[in-house]
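Here's a quick briefing to read with the model open beside you.

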Amino acid sequence: VVGRSPVVLARAGVAGGTFDTVNGAPPLPPEAQFFGPPPPQIPTFPEVVANIPMLDGAALGHGLVNGPPDADGVMRRVPLLARADKLLTPGFALELVRVAEGAERIDLEGGGGGRQRMVRLGKHRLPIDGQGRMELRFADVPGTAMTSAADLLRSGVPAHAFDGKIVLIGLTAAGTSDVVTTPLKTETYGVLVQAQAVDAILRGAALRRPDWAAPAEAGLGLFMVIAAWLLVPGLRLRAITSLGGGTAVVVLAASWFAFSRGLLVDPAPVLVPGTAATAMMIAMMFVEGGQVQARLRAAIETQRLDAAKIAGELSAASEIQSGMLLPRASLQKVSPAVEIDAVLQPARSVGGDLYDAFMIDRTRLCFLVGDVTGKGVPASLFMALSKALSRSILVRPGIDLAEAVDGINSELSRDNGQMMAVSLLVGVLDLTDGRLDLCCAGHENPLIVAADGTVRELRLDGGPALCAAEGFPYPVETHHLALGETLIAYTDGVTEAQDLAGDLFDRHGAMAELSRTTGRPLSEVVDSLVVAVRAFEAGGEPSDDLTVLAVRLRD
């Protein structure tokens, strides 16, 4: 299919020796032919992540999709060329247009005598900076320009919908890593940025900083300073404010007008010097130190009162949330045939983890552990709803575990406007024979600690977190808990705990710690795991709420 169609495959430049690279033959060189000297500061990647050779050799073009953002983490420019694996390689958007229009060569122009650097591809001349990047004028991508893969696979798209068009295939879904920040949005998908870059190339709509911009900005900035020194001492405060505001409006309007014409003219070098000079003159003329200090003291006192009020409300919320959970002493009284212990430590004042344990009838114990997406007050509210709803449904007479979890999923998904989700592990333990029915909804697999200290993971098929897929048929998986064995259920506050270097405690760290608790009381087993996690964090801020629940049949 790739060989029969004009396809451009993406490549990603990476630093040498990273886990992303694949050992083997170097990737095929790019098909684009460059003429002219490249900018000296273009990004250089020693290695490339490419597609498998069968696909790589069949495509008509290859382009790099990654490039470094600006220092503040915002992606304002898209690389049109870079050096990857020692080869000059076009950017993905530029390569798409080249293949679509059947061009073979890419000309690099300018860079001498103060002239604007340009990339010429056929009839397109594109301005670039010294790093080979094109500045985009970002806008919202209309919904009509995007087609869902679900619609396409269901034959819900007209047969000729893509005729004569450049089509980009990419991920725009929750959980993808290709998320960038642009001047327009704090989070958007990289494929949409590439789509806007293609559109800018085709329409000639890239932004350009003219050669005269910097001298003009500096000259106007100097003029503003001189005007402030000459005019401000002879004007009243109201006149100074009106004149300064009017000047700012004119400068910003001129900058916006240039921007609307595709030119980048920065208003800051014009306004900042004049504003600073004006402020200095006003400070010299009017000494209002006492009044300013009084206002600051009043503002600080107000902030302290507000902070104390918020802290009190959070403390009350934390106490209410803790009161919803069975204390450790009460867990020991659930049934004389079983030992139960649990610890919940929120990452903030309130959190989104939950646990519960109760008897369904005389011989069956139900326990559950859950983790709501996010932290803080929103997660705590959804946690309270999830816990109350789970117990309410699980204790219904005659309801089986699969039906109960389906009911919990349906009720939590209803009117869930904030798109919250909760991972949940529900277990029903028959105290007479140790039969253990488990239903996992996107939660961590539990661990089984044998009497001899051996620790194994109880692998569950399960399904997605609750509220992620309404109507999903969660399977009930049956296991056996023998006498002397301990079941440990936990949230990702254990496995995703990080030390100061950013390394994870992970499941293997939990298993190693639990293997050292042979023969110890259940409360000590739980406490030792929590202490090990906190010691691993070495005083750093917890990454997430932490919950550990342990169940063991009594002899």
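Leu 222, Ile 226, Leu 230, Leu 231 and Leu 243 together make a nonpolar surface patch of about 500 Å². Helix 5 supplies the largest share of that patch, 4 residues. This is a predicted model, so local features need pLDDT of at least 70 and side-chain atom pairs count only at pLDDT 80 or more, while totals for chains, interfaces and linings use all residues. Numbering starts from 1 along each chain as its sequence is written, and side-chain values use heavy atoms, with hydrogens and water left out.

**Surface patches**

- For a patch, residues need over 30% relative accessible area and no salt bridge; like charges are joined within 9 Å, and nonpolar side chains (Val, Leu, Ile, Met, Phe, Trp, Tyr) within 5 Å.
- The areas come from the Shrake-Rupley method with a 1.4 Å probe, and for residues only the protein chains shown count as cover.
- Leu 222, one of the nonpolar patch residues, lies in helix 5; helices (H or I, at least four residues) and strands (E, at least two) are DSSP runs, numbered from the N terminus.
- Leu 222 counts as exposed because its relative accessible area is 52%; the labels are buried under 20%, exposed over 50% and partly exposed in between (1.4 Å probe, protein chains only).
- There's a negative patch too, formed by Asp 400, Glu 403, Asp 406 and Glu 470. Here Asp and Glu count as negative, Lys and Arg as positive, and His and the chain ends are not counted. The place of a charge is NZ of Lys, CZ of Arg, CG of Asp or CD of Glu.
- Look for Glu 470 in the loop between strand 21 (455-457) and strand 22 (477-480). With a relative accessible area of 57%, Glu 470 is exposed.

**Salt bridges**

- The count comes to 29 salt bridges, each one a side-chain nitrogen of Lys or Arg within 4 Å of a carboxyl oxygen of Asp or Glu.
- Asp 70 pairs with Arg 133, and their closest N and O atoms are 3.6 Å apart. This bridge ties together distant parts of the chain, 63 residues apart: Asp 70 is in the loop between strand 5 (61-64) and strand 6 (77-79), and Arg 133 is in strand 12 (residues 133-135).
- Asp 70 is buried at 15% relative accessibility, and Arg 133 is buried at 10%.
- Asp 129 bridges to Arg 77, with 3.9 Å between the closest N and O atoms. That pair also links distant parts of the chain, 52 residues apart, with Asp 129 in the loop between strand 11 (124-127) and strand 12, and Arg 77 in strand 6. Asp 129 is partly exposed, at 22% relative accessibility.
- Both bridges belong to a network of salt bridges that links Asp 70, Asp 72, Arg 76, Arg 77, Asp 129, Arg 133 and Glu 135.
- Elsewhere, Glu 411 and Arg 414 meet through their side chains at 3.0 Å, N to O. Glu 411 is partly exposed at 34% relative accessibility.

**Aromatic pairs**

- Searching the whole structure turns up 3 aromatic pairs. One of them is Phe 472 with Tyr 474: the ring centres are 5.0 Å apart and the planes sit at 65°, so the pair is edge-to-face.
- For the cut-offs, rings of Phe, Tyr and Trp (its six-membered ring) pair if their centres lie within 6.5 Å; planes under 30 degrees apart are stacked, over 60 edge-to-face, and the rest tilted.
- Phe 472 is partly exposed, with a relative accessible area of 28%, whereas Tyr 474 is buried at 4%.

**Positive phi without glycine**

- Lys 86 isn't a glycine, yet has a positive phi of about 70°. Lys 86 sits in the loop between strand 7 (81-84) and strand 8 (87-90), and is exposed at 77% relative accessibility.
- Ala 538, also not a glycine, has a positive phi of about 55°. Find Ala 538 in the loop between helix 14 (522-537) and strand 24 (546-553), partly exposed with a relative accessible area of 48%.

**A loop contact to check**

- Arg 208 is in the loop between helix 4 (190-203) and helix 5 (213-231). Arg 208 and Pro 127 are 81 residues apart in sequence but 6.0 Å apart in space, C-alpha to C-alpha.
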